[in-house]
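Open the model in your viewer and keep the sequence panel beside it. Each stop below tells you what to select and what is there.

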Amino acid sequence: MQIDGASALVVGGASGLGEATARALHERGAVVTIADVNAEKGGTLSRELGVEFAACDVREEEQVQAAVDLAQRADGGLRIAVCCAGTGWAQKVAGSKGAHPLLPFETIISINLIGTFNVLRLASAAMVGNDALEDGERGVCVNTASIAAFDGQVGQIAYSASKGGVVGMTLPAARDLSQYGIRVNTIAPGLFDTPLLAALPEDARQKLGAGVPYPQRLGAPAEYALLACQIVENRMLNGETIRLDGALRMPPR
Ligand SMILES: NC(=O)c1ccc[n+]([C@@H]2O[C@H](COP(=O)([O-])OP(=O)(O)OC[C@H]3O[C@@H](n4cnc5c(N)ncnc54)[C@H](O)[C@@H]3O)[C@@H](O)[C@H]2O)c1
């Protein structure tokens, strides 16, 4: 999919990996719509870039539909949908204080997994109505998992389950949408230098980065954005989850 001139929706686009992706797509000439639950940050970024913003919680059907509709209004319809919205929770499955409560588990599943599904289903439904381009292509969706989908650490049971679900949706979604020329891929990032990790002290961040085989540092959000753009542009990439982690394999803790 050619980025220049295409309408792109970046959900979770107000911060971190999503913000970098919104910037990268905008620089490459896409007509970007940012959607995020954080209206303050999303509004500030969209005004800076001169793009549309939709306040949207990925768990809410009407809010995601409204964001898709905003992006779909652009010439040629919505062609690129990237979902970066997500959050974390750290707690063990059970311990001396009892069992992991259900509520935080359900919340993480509903934001990270069901929210990603909500964006994927509504964005792809809009793409089905687009005119077919070269090779019959109508659109491309990029989801965000995590290497925690594969190497979940102590305390990551809810987060890992949610990201494992995102990985699991990738191939069947690509198969479901293949007849319409809509591709689906997932990026599984390792450790990236976003506001999520910025809360840690500098030496803790350095230590985390030093544990990466090569390059020995945290990933830059622009490197995630670069892969998202490469996925959009490379039509043969479909139904795949790509680890972006400098060969990092997380230990148990
Ligand atoms: N930073 C990392 O090292 C890393 C590693 C692996 C995976 N990830 C994943 O990448 C994605 C982006 O993370 P980030 O590091 O950029 O974090 P971030 O906190 O900087 O950005 C996440 C964005 O998602 C938005 N968001 C959260 N809940 C939402 C909801 N219910 N509806 C809509 N928007 C919502 C937030 O407002 C924020 O703008 C997340 O899914 C995260 O799990 C990050």
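Helices and strands here are DSSP runs, numbered from the N terminus; a helix is H or I with at least four residues, and a strand is E with at least two. This is a predicted model.

**Stop 1**

Select A247. A247 sits in the segment after strand 9 (241-244). Its phi is positive, about 70°, although A247 is not a glycine. Most residues other than glycine have a negative phi. Is A247 buried or exposed? A247 counts as exposed because it has 10 C-beta neighbours inside 10 Å, and the cut-off for exposed is 12 or fewer.

**Stop 2**

Go to D135, in the loop between helix 4 and strand 7 (139-144). D135 also is not a glycine, yet has a positive phi of about 65°. D135 is exposed, with 9 other C-beta atoms within 10 Å.

Next, select Y214 and P215. A cis peptide bond joins them, with omega about -10°. Most peptide bonds are trans. P215 lies in the loop between helix 7 (202-210) and helix 8 (221-233).

**Stop 3: helix 8**

Select helix 8, with its 13 residues. From first C-alpha to last, helix 8 reaches 19 Å, close to the 18 Å expected at 1.5 Å a residue. Colour its buried residues: P221, Y224, A225, L227, A228, C229, I231 and V232. What do the buried residues of helix 8 pack against? They pack against helix 1, strand 4 (78-83), strand 7, strand 8 (182-189) and strand 9.

**Stop 4: helix 4**

Now select residues 102-128, which form helix 4. Helix 4 has 27 residues and spans 37 Å between its first and last C-alpha, close to the expected 39 Å. Look along it for a kink of about 35°, centred on S110.

**Stop 5: the nonpolar core**

The largest nonpolar core has 72 residues. Those with the most contacts inside it are A8, L9, V10, V11, I80, A123 and A228. Which element gives the most to this core? Helix 4 does, with nine residues. In soluble globular proteins, nonpolar side chains tend to be buried together.

Zoom in on V11. Beyond residues up to four places away in sequence, V11 touches A35, C56, V58, A67, C83, C84, A85 and V119.

**Stop 6: the ligand**

Show the ligand. How many residues surround it? There are 28, and the closest are G12, S15, G16, G86 and T194. Helix 1 (16-27), helix 4 and helix 6 (195-198) are the elements that give two or more residues to this shell. Colour the shell by class: 14 residues are nonpolar, 11 are polar and three are charged.

**Stop 7**

Select A145, in the loop between strand 7 and helix 5 (157-177). A145 counts as buried because it has 28 C-beta neighbours inside 10 Å. Leaving aside neighbours within four places in sequence, A145 is in contact with K163, V166, V167, T186, A188 and T241.

Finish on E52, in strand 3 (residues 52-55). E52 counts as partly exposed, with 18 C-beta neighbours inside 10 Å. Apart from residues up to four places away in sequence, E52 touches T33, S46 and L70. The C-alpha atoms of E52 and R183 are 24 Å apart.

Technical notes:
Residues numbered from 1 in each chain as written. Predicted model: local features only at pLDDT ≥ 70, side-chain atom pairs only at ≥ 80, totals over all residues. Expected span 1.5 Å × (residues − 1). Bend = angle between axes of the 7 residues up to and from the residue. Near = placed C-beta within 6 Å. Nonpolar A, V, L, I, M, F, W, Y, C, P; charged D, E, K, R; others polar. Core = buried A, V, L, I, M, F, W, Y, C linked by C-beta atoms within 7 Å. Buried ≥ 20, exposed ≤ 12 C-beta atoms within 10 Å, placed from the backbone. Contact = placed C-beta atoms within 7 Å.
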